[in-house]
Amino acid sequence: MNLPFKQALLLPLLIAIAIAAVAFRLKNTAPPTHENNQFPDKVVEVITANKLPYRSRATAYGHVEPSVFLNAKSEVSGKITYLHPELKQGGSLPAGTVVLKIEPTTFEFSLDQSEAGLASSRSSLEQLEAEEKSTKKLLAIAQDNLRVGQKELDRLKALWDKKLIALSSLDAEEQKVLGLQQQVADLQGKVSTYASRKAATSAQIRQSEAQVDEKKDTLGRTTISLPFDARIGAVNVETDEFVSAGSQLFEASGIHSVEIDAQLPVKHFRPLASVIHQQTPDLQDPSSLRKIISSWDLQAKVRLVGDSSTTSDTAWEARLIRIGESVDPVRDTLSLVVSVENPYGGVVPGKQPPLLKGMYTSVEFMSKPSMLMVIPRSALHQGRVYVATAENKLAIRPVTISSEQGQLAIIEAGLEEGDQLIITDVIPVIEGLPLKPVQATAFEEELRILASGKN
């Protein structure tokens with residue numbers, strides 16, 4: 001057998017052996033195992049969603065102004081004869097202190113003249129009353145004489161009718177009676193004039209009394225006393241200086257309280273107002289609005305702005321006393337006026353100064369606690385939150401946000417009490433992603449403290 005023929009027989013034999021070997025291997029080899037590939041459990045921190053006592057806060061800014069301010073001006077003209085030694089800028093004086101006097105001599109002379117005129121009018125009235133009393137007595141006597149005379153005339157007429165007396169006797173008696181009648185008439189006329197004369201004199205007395213009061217008031221204006229405990233501002237006069245009526249004398253501020261007209265952006269007031277129990281005030285009744293403002297029970301704290309000598313703990317308790325009647329159209333702010341009592345009390349050098357006129361302050365308003373669904377803002381993801389379900393799966397929920405404040409957000413809808421809210425980042429965000437939740441107990445306590453406003 002030649003070589004080509006042998007090669008032709010060998011090739012099919014090798015192929016058959018190879019196929020048989022592969023078939024044998026496939027038949028005796030175990031099938032491959034299939035792995036079930038999926039995402040591993042994602043470790044996340046969660047907090048239990050609950051309603052918390054929440055106090056809404058807003059910060060406004062304004063300058064300190066005294067609640068009571070005196071811009072003293074001279075009400076009379078004259079030379080200044082006295083200035084209190086402590087009537088100087090920055091000085092403090094108690095209420096009732098006489099701080100300035102103007103030469104009173106001219107006003108004293110004028111008062112003396114008015115008092116003399118009053119005394120004369122009163123004397124005239126007393127004289128008229130005495131004359132009236134005397135004239136009335138004379139009138140009574142004249143009336144008695146007239147009655148006696150009339151009786152005598154009647155008797156003589158009866159005798160004349162009987163022709164027992166002469167006609168001349170009757171005529172004489174008639175003349176006498178006529179005289180008595182004239183006397184009574186004169187006295188009655190005189191008595192009737194006393195009423196108008198006394199009225200005129202009484203009017204003169206009242207006019208004189210008014211003049212005396214006016215002169216006393218004018219004289220009193222030559223002495224100026226402080227109507228309240230005050231801190232002195234600018235002083236514009238000196239001793240022996242002549243001042244005219246209307247001249248500026250000095251400025252004084254009350255020290256018992258100050259006011260701050262704090263300007264709060266309207267957008268910051270809305271969250272604050274959302275937790276206030278709304279009532280409709282009667283705008284024509286000022287007491288109605290005051291009662292409603294009082295019912296809000298807003299806590300207010302005043303702090304200095306830009307003063308490195310004070311700490312964040314340096315604060316004054318304040319009280320909201322009124323709100324502005326309109327919104328500033330330029331700054332879109334609302335005026336909230338607060339009052340601080342005893343602004344000069346508790347002064348600690350280098351730590352807590354007094355609240356002085358013109359200081360720039362912040363006023364933090366805080367509402368009464370309300371039970372609301374409060375979550376950290378970091379847990380919000382474009383209007384959605386991530387929740388760990390009971391099966392430890394990721395659930396994505398859209399929520400309705402009522403308001404946001406600092407690190408907190410108030411949820412109106414979309415999150416239920418007891419839900420396990422995820423507060424850490426989740427990558428990738430896939431609905432149904434397996435989770436391994438870890439309860440962030442310490443963070444829950446921090447959230448409660450933040451919501452209560454105790455930080």
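This section describes the strand pairing, nonpolar cores, surface patch and salt bridges of a predicted model.

Local features were considered only at pLDDT of at least 70 and side-chain atom pairs only at pLDDT 80 or more, whereas totals for chains, interfaces and linings use all residues. Residues are numbered from 1 along each chain as its sequence is written, and side-chain values use heavy atoms, with hydrogens and water left out.

Two strands are taken to pair if DSSP finds at least two bridges between them. By this criterion, strand β3 (residues 57-66) pairs in the antiparallel sense with strand β16 (residues 360-366) over seven bridges, and T59 stands opposite E364 of β16. Strand β3 also pairs with strand β12 (residues 257-265), again in the antiparallel sense, over four bridges; here P66 is placed opposite V258.

Nonpolar cores were defined as sets of buried Ala, Val, Leu, Ile, Met, Phe, Trp, Tyr and Cys residues joined through side-chain atoms within 4.5 Å. Buried denotes under 20% relative accessible area, exposed over 50%, and partly exposed the range in between (1.4 Å probe, protein chains only). The largest nonpolar core comprises 26 residues, of which I80, V99, L100, L226, V237, L249 and F250 touch the most other members. Two or more residues are given to this core by each of β5 (78-83), β7 (98-102), α2 (105-161), α3 (167-220), β9 and β11. Helix α2 gives the most, with four residues. A second, separate core contains 24 residues, including V64, F269, A300 and V340.

Contacts were defined by heavy atoms within 4.5 Å. Neighbours within four places in sequence aside, V99 is in contact with Y82, L83, H84, L87, L93, I224, L226 and F250. Residue H381 occupies the loop between β17 (370-376) and β18 (384-388) and counts as buried at 18% relative accessibility. With residues up to four places away in sequence not counted, H381 touches Y386 and D425.

On the surface, Y61, V305 and Y360 form a nonpolar patch with about 260 Å² of accessible area together. Patches consist of residues with over 30% relative accessible area and no salt bridge, like charges being joined within 9 Å and nonpolar side chains (Val, Leu, Ile, Met, Phe, Trp, Tyr) within 5 Å. Accessible areas come from the Shrake-Rupley method with a 1.4 Å probe; for residues, only the protein chains shown count as cover.

Side chains of opposite charge can pair when their charged atoms come close. With a salt bridge defined as a side-chain nitrogen of Lys or Arg within 4 Å of a carboxyl oxygen of Asp or Glu, a search of the whole structure finds 13. In one of these, the closest N and O atoms of K136 and E132 are 3.5 Å apart. Because K136 and E132 are four residues apart in helix α2, about one helical turn separates them. K136 is partly exposed, at 43% relative accessible area, whereas E132 is buried at 11%.

A salt bridge also joins the side chains of E152 and R155, at 2.5 Å from N to O. These residues, three apart in helix α2, are likewise separated by about one helical turn. Both E152, at 27% relative accessibility, and R155, at 44%, are partly exposed.

The salt bridge between R303 and E364 has its closest N and O atoms 3.5 Å apart. This pair links distant parts of the chain, with R303 in strand β13 (residues 299-304) and E364 in strand β16, 61 residues apart. R303 counts as partly exposed, at 23% relative accessibility. Finally, E75, D217 and R221 are linked in a network of salt bridges.
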